[in-house]
Protein chains: 2
Amino acid sequence: MTSEVQTRDIDIAAHVALLGQQARQASGLLRRSTTGQRNAALAAMALELSHHRDTLLDANARDMARGRAEGLSEALMDRLLLTPSRIDAMISGLETVASLPDPVGGIDDLRTQDNGLRIGRMRTPLGVIGIIYESRPNVTVDAAALCLKAGNAAILRGGSEAFESNCAIARCIASGLESAGLPGHAVQLIETTDRNAVGALITAREYVDVIIPRGGKSLIKRISEEASIPVIKHLEGLCHVFVDRHASLDMAFDIAFNAKCFRYGICGAMETLLVDQEIAQAFVPAMIAKFQDAGVTVRGCDRVQALAEVEPATEEDWWTEYLGPELSVRIVEDMDAAIEHINHYGSHHTDAIVSDHFGHTQRFMLEVDSSSVMVNAPTCFADGAQYGLGAEIGISTDKLHVRGPVGLEGLTTRKYIVLGDGHVRT
Amino acid sequence: MTSEVQTRDIDIAAHVALLGQQARQASGLLRRSTTGQRNAALAAMALELSHHRDTLLDANARDMARGRAEGLSEALMDRLLLTPSRIDAMISGLETVASLPDPVGGIDDLRTQDNGLRIGRMRTPLGVIGIIYESRPNVTVDAAALCLKAGNAAILRGGSEAFESNCAIARCIASGLESAGLPGHAVQLIETTDRNAVGALITAREYVDVIIPRGGKSLIKRISEEASIPVIKHLEGLCHVFVDRHASLDMAFDIAFNAKCFRYGICGAMETLLVDQEIAQAFVPAMIAKFQDAGVTVRGCDRVQALAEVEPATEEDWWTEYLGPELSVRIVEDMDAAIEHINHYGSHHTDAIVSDHFGHTQRFMLEVDSSSVMVNAPTCFADGAQYGLGAEIGISTDKLHVRGPVGLEGLTTRKYIVLGDGHVRT
């Protein structure tokens, strides 16, 4: 390592530490802010975005030109692109978050103990949240809005390919905050493309309470391995639909098809279809024909291969999140085997059973160890908006703190409050 | 590193992996167990302990003899000691946990969405919990009972000084499990004193869902730094009482004295007393005299030194958890300064205000960033039993997942359940 690089590393670490101190201070001020102030800031940000459409589109055009010159893939270029309608969507996203109920300050479970002490739990902000994300510039607005609404300061680190767009958006956010009388440091963008900034952010234990990465599997894996701060992870969605022997086959047909084909690229898309052997003959050939008609490549276990013209599924397939027009199908002995398959190969994201048998649905719900378990509904419903959360910052595949779609509640914590009248312990 | 050591490391890692596989399998079976079975196992364990009192006392006598030979401190020897009445306490602890309501399977917030989907959250076990603890053998029983009641498998790693006692207790636990028809591997003790076993346990991501260390600050710090699995931490309790200018001074007198002197060694003991300057003259001299009469060494800031004969408090004192008959006292400008002191120097464990002013108490509750915030009650009430949790496995100073005393609820997670009727997404 040359001394020049060392100097830069120290500079980056010092810069991130400064952002951290500013965020910590802003977080203290946010604890005193009212719901009205935070909503006013969200409205003011929306106004700023609306007033600076041209600036945003110009900045984005520069990112797009650089991306084109650097040969970014079509998919990445599409994520990077801002259009007037995408700016409208950011603005209406801010309005949605402003309209959600404020989670902060609510008190649950307040009960009086035998000695007269009243003890309950108050919902409060987490403090400072670090968000690390990839190409989509709209995440800058969405993440800022959700963190702020829940009373948290945010430090944002966007993808380098969206650098100019993100900086332009961040200026609108800061103006919005200040015009509502809130500290501009409540939302800070790390304004450098230096990759060492990520390393500095995910180890800044003194200043940052939680890290939320949003992006591809490799980004999230690296961050959770290297962070010394708790991470709320959204790993892959290897989702299953199990068609039980007691399923209505018509319903199973529609649910399985929808689970795969609603959109191939979402994390709630079905990747493996499991079918109880008792109804395999009646269900599998027609189901596979329907998938193949829709252009889905089907891979099957030996028993599936005996019923339809499919590619052979390998062990590797049961572990694969295709995120595309591919599907693996397996015929299983019974529900126990299905649950075992899901808990073994699945990613604990979202899994569904189609069944009219009460006992089977109950056992499936209890025993499948996933963040969402569905009965007679397709896995593609796994989404914060569908769940009534209003907005989500991701879908957690962790078990601790928050599991499944993460809305405002997941960005808060609960403290105990103890209300006495001069009690002493004897 | 000699090859002998390397071989031993590999053996230890393989051994911990085997325990992990067995725990994972047991965890799957526990998901299917009924509340009745788990309570029966707890009752059977109590019976086993009662039947094997002599075995337990013999094993403990061997640990005590070894401890004496190795020159363990008096405090450690006392923690290590089992007596008939301590065995009785373990037995009644099991009965208490059996009598608590089962958290598993409860469904909250079940709501019907516009499209008719019913979405709610079901409480389920975390899976496999690793507990690492120090000398007290009773933790073996307490931790096993709480994990099991919440439907989790547990891997226990006790202190080497209590090795024989822990092994004897673990045999009673295993017999209890099996006599209730539950897998004996639901609770496993790591039966080696090799320290490498801890390193293997806290990095066994595939098998262990969460680590809970119980012990001194250095143990917990080391484990949270080295673990690659989420850790529920109980760090120090640097607790404050703030006497507001609107306090009833009689009440403040009793609360501050109780907060320090109820028991010096508990994590909820007050370490720093903050007093509003407006009432310092009327409060501080008498209060300090009372502490000094009780044998407490008092250290004060400059302004305190002007009012009473005390040692000078240094910057270091504001950071110190004495856990003994020592106290630092500081006179502050106002409530803002008190909140700033607490959030800066405190350990975010438990802090209290004494005040009759409604607005001050509300602000203190919102703005002090601690796991428990108390109004007109002493910090020594911070305790799961006092909070009505029935039993606790520790007091979390983390913000994520669970904050404050950790009872059965903290050993569970919530999954989303989605109940449909053949819904599809369009």
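In E11(B), which residue is the bridge partner of Leu273(B)?

Modeller: The partner in E11(B) is Val329(B). A word on the model first. It is predicted, so local features need pLDDT of at least 70 and side-chain atom pairs count only at pLDDT 80 or more, while totals for chains, interfaces and linings use all residues. Residues are numbered from 1 along each chain as its sequence is written, chains are lettered from A and ligands numbered from 1 in the order written, and side-chain values use heavy atoms, without hydrogens or water.

Now the strands. Helices (H or I, at least four residues) and strands (E, at least two) are DSSP runs, numbered from the N terminus. Two strands pair if DSSP finds at least two bridges between them. Strand E8 (residues 270–276) and strand E11 (residues 326–332) of chain B are parallel, with 5 bridges.

Step back to the sheet. It is open and has 10 strands, in the order E1(A)-E2(A)-E16(A)-E13(B)-E12(B)-E7(B)-E8(B)-E11(B)-E9(B)-E10(B). Its pairing is mixed. Strand E1 (107–112) of chain A and strand E10 (311–312) of chain B stand at the edges, each with a single partner strand, so one side of each has no neighbour in the sheet.

Helix H11 (residues 280–293) of chain B lies across E7, E8, E9 and E11 of that chain, at about 155 degrees to E8(B). Axes are lines fitted to C-alpha atoms, for helices over the stretch in contact (heavy atoms within 4.5 Å). Angles run from 0 to 180 degrees between N-to-C directions.

Another open sheet of 10 strands runs E10(A)-E9(A)-E11(A)-E8(A)-E7(A)-E12(A)-E13(A)-E16(B)-E2(B)-E1(B). Follow its crossing from chain to chain. Strand E13 (residues 372–375) of chain A joins E16(B) through 4 bridges, and the two run parallel. There, Met374(A) has Val418(B) as its bridge partner. Further along, E1(B) and E2(B) are antiparallel, with 4 bridges. Ile107(B) partners Met122(B) in E2(B), and Arg111(B) stands opposite Ile119(B). The hairpin of E1(B) and E2(B) has 5 residues between the strands, and Gly116(B) takes a positive phi near 95 degrees there.

Next, the interface. The contact takes 68 residues from chain B and 68 residues from chain A. The buried area is about 5900 Å², with 55% from carbon and sulfur atoms. That is the accessible area (1.4 Å probe) that two parts lose on being put together, summed over both. In chain B, Leu400(B), Tyr416(B) and Arg425(B) lose the most area to chain A, together 15% of what that side buries.

The rule finds 37 residue pairs in polar contact across the interface, both residues at pLDDT 80 or more. A polar contact is a pair of N or O atoms within 3.5 Å; within protein, one must be able to donate a hydrogen and the other to accept it, and residues adjacent in sequence count only if both atoms are side-chain atoms. E16(B) gives the largest share of the side of chain B that touches chain A, 7 residues.

Last, charge. The rule finds 12 salt bridges across the interface. Each is a side-chain nitrogen of Lys or Arg within 4 Å of a carboxyl oxygen of Asp or Glu. One of them joins Arg121(A) to Glu409(B), with the closest N and O atoms 3.1 Å apart.
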